[in-house]
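Subject: Structure handover and what was found in it

Dear colleague,

Please open it first, and then read the notes below beside it.

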Amino acid sequence: MIERYTLPEMGRVWSDAHKYELWCKVETLVVEAHAEAGTIPAEVVEPIRKAPPPTPEAVHEIEAVTQHDVIAFLSAWADNTEPREAARYVHFGMTSSDLLDTALALQLVEATDILLAKADTLIRTLRDHALEHRATLRVGRTHGIHGEPDVWGHRVADFAFAMARSRDRLRRAREAVGVMAISGAVGTYSNIDPAIERHVASRLGLKSADVSTQVVIRDGISEWVSALGIMATVCEAIALEVRHGQRTEVRELWEPFGKGQKGSSAMPHKKNPIISERLAGMARVVRAQIVPVMEGIPLWHERDISHSSTERITLPDASIALDYMLALTHRLMSGLVVDAARMRANLESTGGLIYTSTVLLELVEAGMSRDDEAYPLVQKAAMETWQTGVPFRETLRKNAAETGLSLDEARLDAVCRPERFVERLGPVFERLAALT
């Protein structure tokens, strides 16, 4: 991921320097376990433990010749080991994938914990914003068209619960990727005791794979990146709502717009929804990683490396992009400007058409048939309001009179109130208040 969208904490997880630190950690634990088992001399443990990780530059220089990243790492680390002879026991009985998959599991767990912490923060922000606006009336829209009255807090509550489910989904996926294997060539433990694998797994807080065939099969990693894609798309759903709300014709919502910020190089009046649009674009990047990772599940026999080059790009990019998105979505929602007066004005802008559903039901309860009498009457009045701008209650009254129907105006006054439509949302906000 390019530096522009990489936050420092997540960027470090996927840095070469940190990767080599983890590789050293894994190899050292294997050496310690071998020494405890008497497989290798105990005196080599301390020199290996003290050897500093090689620099990325040192590894890359050797890899330019060897064309093998693990061998290059082992050679560069051996150069840092005193005495160098101790390094002969590093990687004892292992194959490359033992190191790569185990260290990758650590990186995935670290990345997940960063994402979960940011998701928790965003959920709290969404929850509190929704509760603050539990009585902020606005029109509910379907297909982009005014439907019935709603409250802004109801819309945001939906996002809060969706983000909470996404977080819980990612928690489960954390278990799916916290899986390691140190089982040797083709995964048969031919040159390494399974007790070594169990020891390392315990020390790293990982789970030994139920079975490995030199690589850990990629269904767990596919689950993880899919969870990231869903969470990113929930962020996009929030952003899309804000983008719609900030349109000039709507003007109900405004992204935070800082002092000195510019909206357009040519049109000084512009305040564009750039945060939301950036989130929409970043979500595409995260979702785009799902299929390439999933295609790493089928490999040739016990192992090939067709997944390797893909994962070097997709796994860092997906987590770095989502990390950025979560921070940006929090910024968006914590600074969002809600124009309650404009929401009310928009709600009333159609001259009462938002009450057609409740009027229809009132006429049915008054004894009219739904399909043959009530619906045609209400629809005809509503279409007249659309075409003429005359308020709906007036067109309804006129059309009813033409059919000889007398309306119960007091009853219609009682039901044609926006507050009536949201009276039963109390339990929703009670559940929201309990969300953590």
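A residue is called buried when its relative accessible area is under 20%, exposed when that value is over 50%, and partly exposed in between. Glu32 has a relative accessible area of 11%, so Glu32 counts as buried. Please keep in mind throughout that this is a predicted model.

Salt bridges

The structure holds 33 salt bridges, and I describe some of them here. Glu32 is joined by a salt bridge to Arg203, with the closest N and O atoms 3.9 Å apart. This pair links distant parts of the chain, since Glu32 belongs to helix α2 and Arg203 to helix α8, 171 residues apart.

Another salt bridge is formed by the side chains of Arg167 and Asp120, at 3.0 Å from N to O. Because Arg167 lies in helix α7 (residues 152-177) and Asp120 in helix α6, the pair ties together parts that are 47 residues apart in sequence. The two partners can be told apart by their accessibility: Arg167 is buried, with a relative accessible area of 5%, whereas Asp120, at 22%, counts as partly exposed.

Glu362 and Arg411 also form a salt bridge, and their closest N and O atoms are 3.0 Å apart. Glu362 is in helix α14 (residues 356-365) and Arg411 in helix α17 (residues 409-415), so this pair ties together parts that are 49 residues apart in sequence. Here Glu362 counts as buried at 12% relative accessibility, while Arg411 counts as partly exposed at 40%. Finally, a network of salt bridges links Arg138, Arg141, Arg155, Asp158, Glu241 and Glu252.

Aromatic rings

There are seven aromatic pairs in the structure. In one of them, the ring centres of Tyr5 and Tyr324 are 5.1 Å apart and the ring planes stand at 70°, so the pair is edge-to-face.

Trp23 is in helix α2 (residues 16-37) and Phe73 in helix α5 (residues 69-79), 50 residues apart, and Trp23 and Phe73 are both buried. Together with Tyr20 and Trp77, these residues form one aromatic cluster.

Charges also meet rings in this model: Lys271 lies over the face of Trp254, 4.9 Å from the ring centre, and the charged end of Arg420 sits over the ring of Phe421, 5.4 Å from its centre.

Backbone details

The peptide bond from Glu82 to Pro83 is cis, with omega near -5°, and Pro83 is found in the loop between α5 and α6 (96-132). His143, although not a glycine, has a positive phi of about 60°; His143 is in the loop between β1 (137-142) and β2 (145-151), and at 84% relative accessibility it counts as exposed.

An annotated region

The UniProt record, an unreviewed entry, annotates residues 351-433 as "domain: Adenylosuccinate lyase C-terminal". In the model, this span is 66% helix and 0% strand, and its end C-alpha atoms lie 35 Å apart.

How values were computed: Residues numbered from 1 in each chain as written. Predicted model: local features only at pLDDT ≥ 70, side-chain atom pairs only at ≥ 80, totals over all residues. Heavy atoms only, no water. Phe/Tyr/Trp six-rings, centres within 6.5 Å; stacked < 30°, edge-to-face > 60°. Helix = DSSP H or I, 4+ residues; strand = E, 2+ residues; numbered from the N terminus. Buried < 20%, exposed > 50% of the residue type's maximum accessible area, 1.4 Å probe, protein only. Lys NZ or Arg CZ within 6 Å of the ring centre and 35° of its normal. UniProt positions renumbered as here; feature names shortened; annotations may be inferred. Salt bridge = Lys/Arg side-chain N within 4 Å of Asp/Glu carboxyl O.
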